[in-house]
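Morning, everyone. Let's look at aromatic contacts today. Have the model open, please.

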Amino acid sequence: MKPLHLLVSILKRMGRLIRYRLDLRRPTPWRALREARSAEELIRHAWPASARNLALAAAFLPLPLQREAAIAYLCCRALDAFEDLSASSAQAIQGVRQAARFLCGSSAAAPARPERRGSSDSDPLEAFLAAELRPLREALEALLPAQQRRVKRLLLRLAAAMVMQIKKSAAATEPADE
């Protein structure tokens, strides 16, 4: 890498690091998220709001890896919304599976967003991401082919693990037959 390119790369990383550090404790930028006109703009606002310290640490990564990490993380948060905010175990399983297939491009239909509100601080942003699967898919499809394969493999494995956990939790809470 030429010295000038190296300097520019370092300065860009430092700029992202400073921006994420300043954004670390700010409230979620709801207006900017709702008004995002592109997948890139959505990710630019959702990544630091959702990932917080992880976004700060990822600022040290080269930009292509940081983008891959941001897209993968936000897609995982969307899957988590279907797991946590669905009204029933059956709906959670269906939502997680359908969201993963949609994000990975094997389904044209995105699932309906989960209806429950949730109680944790992260639930509203997760619910928002679950409703914004199309821009997340668009961002995923804009990655390089090797990056797409890694993220899609991660999403499918995570979805399978979530489904197993949902089934296990549902079985544990079912009343025993007498």
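This is a predicted model: local features need pLDDT of at least 70, side-chain atom pairs count only at pLDDT 80 or more; totals for chains, interfaces and linings use all residues.

Residues are numbered from 1 along each chain as its sequence is written, and side-chain values use heavy atoms, with hydrogens and water left out.

The pairing rule: rings of Phe, Tyr and Trp (its six-membered ring) pair if their centres lie within 6.5 Å; planes under 30 degrees apart are stacked, over 60 edge-to-face, the rest tilted. How many aromatic pairs does that rule give? Two.

Trp-30 and Phe-128 come up here. Their ring centres are 5.9 Å apart and their planes sit at 80 degrees, so this pair is edge-to-face. Trp-30 is in helix α2 (residues 30–34) and Phe-128 in helix α7 (residues 123–131), so the pair ties together parts 98 residues apart in sequence. Helices here are DSSP runs (H or I, at least four residues), numbered from the N terminus.

Buried means under 20% relative accessible area, exposed over 50%, partly exposed in between (1.4 Å probe, protein chains only). Phe-128 is buried, at 10%. Trp-30 is partly exposed, at 27%.

Now Trp-47 and Tyr-73. Centres are 5.7 Å apart, planes at 75 degrees, so this pair is edge-to-face. Trp-47 is buried, at 2%.

Next, the charge. Arg-137 lies over the face of Phe-102, 4.6 Å from the ring centre. The test: NZ of Lys or CZ of Arg within 6 Å of the ring centre and within 35 degrees of the ring normal.

Last, helix α8 (residues 133–141). Its buried residues include Arg-137 and Leu-140.

Conventions
Helices (H or I, at least four residues) and strands (E, at least two) are DSSP runs, numbered from the N terminus.
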